[in-house]
Amino acid sequence: MTDTIAAISTGNVLAGIGIIRLSGSDTLNIIDRVFTPSGGAPMSERQNRLLVYGALRGSDGALLDLCLCTVSRGPHSYTGEDTAELQCHGSPMVLREGLQALFAAGARQAAPGEFTRRAFLNGRMDLTQAEAVIDLIHAESAAAVRNAAGQLGGAISRRIAAIYDALRDISAHYHAVIDYPDEDIEEFRLAEYAGTMRDAETALEGLLAGFARGQVLTGGVPTAIIGRPNAGKSSLLNALLGYERAIVTDIPGTTRDTVSERANLGGVLLNLTDTAGLRETENPVERLGVERAQQAMRSAGLILLLCDSTAPFTQEDAALLRDATACAPTIFVRTKCDLPGLPAPVIAEDVPVVALSARTGVGLDLLEAAVCACFPVPEAVETGELLTNARQADAVRRALTSVQAAHTALERGVTPDAVLTETEEAMSALGELTGRTVRADITDRIFERFCVGK
């Protein structure tokens, strides 16, 4: 990491402001070659984190922009190295020319995630915090933002550190007794550590229990909108999205394929799938649509079962309701409530019922409340303690398995070395979670998710 990297951090879009970042050992020399403050000393002699107005010049010396520049010297910077940022007018062409000027002055193009990777390698953050950066960038709900911000602030790191340190104390005590028998070290008694093992189990179980909700937070809930033809499925999809995404007609069977979009409903991210009307049909194209609708229902984490409130509730509707509730949490939605309707059917008490009109918007707030009730935001979101990806969950699961094995061995009175083997396996798994004992291929996979410039 001796070279100096540069990248556009704000993407290739028109904006009021665009940012070019620079990090590495030669940052101050390079920034002095391309940026001239409007008065006074060059940037290499300026204070850290002070915005300075001046001229950005291209590789040929021509003026590119009048902009702001700031420097932060390592180790007290994002990457732990000397860094600089140019805050330019947000023309993609200005940014590209400015970046070329930095390359001509000695920098090279940063790889995706390389700034954050350097922050990790320089000890400015651990792996859970690095993963929180990408979660924060991709967050599509307020809850996702809060959880990612908490992780970035070290919420999971602190919990893992407490467990790791407790297990390390057990291991250190054991090895001290074995390695230094002549020293006056308190005798190693396994029974005294039973409480430590129980506490570690409880903490790890708590983290693992939140993983499913963490996936919902970042990936969204697979939500199938199902019902018989003309129940209002496409109209509801359009109403939830706020624009005409799906074709809506009075002709039954208009939707022949699934239509998928994402929507935030009451802070819950939904991966909505509008499906073909479920009915018996001889049309081969419509039959394929029905099969895809059934597949969407089977793989859903939430089902919105729509029923036309102006039409009788049929045995076909009842069978569909039974199938839906057997697959996933289901909300029974009576549509077209702006029209004269028939009495509501009797539905099982554990199935929420919502009446709405996709055309007028009446009742959409009730649907939002019902969705929120199905997926309440856990308290762990506020502290940032929800695991959000499979890598984290796998490390915690392996650590928990080893702690449980160590605890069982301890209670059975086996030899201390058997307990310590499992204890150290747990420590190794926890080290992978935060990056204490991480392999290079794991870090490669993590930072591949990042965009250039972050």
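Predicted model: local features only at pLDDT ≥ 70, side-chain atom pairs only at ≥ 80, totals over all residues.
The protein chain contains 16 helices and 13 strands. Of its 454 residues, 47% are buried. The chain exposes about 21,300 Å², and carbon and sulfur atoms supply 53% of that area. The contacts also show how the sequence folds back on itself. Among contacts between residues at least 6 apart in sequence, 65% join residues at least 24 apart.

Strands of a sheet pair through backbone hydrogen bonds, and the pairing may be parallel or antiparallel. In this model, seven strands form an open sheet with mixed pairing, in the order β3-β4-β5-β6-β2-β1-β7. The strands β3 (35-37) and β7 (108-109) stand at the edges with a single partner strand each, so one side of each has no neighbour in the sheet.

Strand β1 runs parallel to β7, and two bridges join them. On its other pairing, β1 meets strand β2 (residues 15-23) in the antiparallel sense over four bridges. One of the residue pairs here is I8 with its bridge partner I20 in β2. Six residues lie between the strands in the hairpin of β1 and β2, and G11 takes a positive phi near 80 degrees there. Strand β2 is in turn joined to strand β6 (residues 83-90) by eight bridges, and these two strands run antiparallel. Within β6, A84 stands opposite L22.

Which residue of β7 is the bridge partner of I5? The partner is R108. I5 belongs to strand β1 (residues 5-8) and is buried, with a relative accessible area of 0%. Leaving aside neighbours within four places in sequence, I5 is in contact with R21, L22, S23, R108, A110, E114, F115 and R118. Two of these contact residues, R21 and F115, also meet in another way: the charged end of R21 sits over the ring of F115, 4.6 Å from the ring centre.

The nonpolar cores come next. The largest nonpolar core has 33 residues, and L167, M197, L204 and L430 have the most contacts inside it. Helices α6 (155-179), α7 (194-209), α14 (390-411) and α15 (416-434) are the elements that give two or more residues to this core. The greatest contribution comes from α14, with nine residues. What is L204 in contact with, apart from its neighbours within four places in sequence? The contacts of L204 are I163, V396, A399, L400, V403 and L430. A second, separate core has 26 residues, including V216, A263, V268 and F375.

Seven of the nine residues in α9 are buried, which leaves the helix mostly covered. The buried residues are K233, S234, L236, L237, N238, L240 and L241. They pack against the strands β8 (221-227), β9 (259-265), β10 (268-274) and β11 (302-308), and against α12 (364-374). After α9 comes G242, with a positive phi near 85 degrees.

The last feature concerns aromatic rings. A pair of such rings is described by the distance of the centres and the angle of the planes. The structure holds one aromatic pair. F313 and F332 form this pair, with 5.9 Å from centre to centre and 75 degrees between the planes, which makes the arrangement edge-to-face. F313 lies in the loop between β11 and α11 (315-327), whereas F332 lies in strand β12 (residues 330-335), so the pair ties together parts that are 19 residues apart in sequence.

How values were computed. Residues numbered from 1 in each chain as written. Heavy atoms only, no water. Core = buried A, V, L, I, M, F, W, Y, C linked by side-chain atoms within 4.5 Å. Buried < 20%, exposed > 50% of the residue type's maximum accessible area, 1.4 Å probe, protein only. Contact = heavy atoms within 4.5 Å. Phe/Tyr/Trp six-rings, centres within 6.5 Å; stacked < 30°, edge-to-face > 60°. Lys NZ or Arg CZ within 6 Å of the ring centre and 35° of its normal. Areas by Shrake-Rupley, 256 points an atom, 1.4 Å probe, with all protein chains shown as cover. Pairing = 2+ DSSP bridges.
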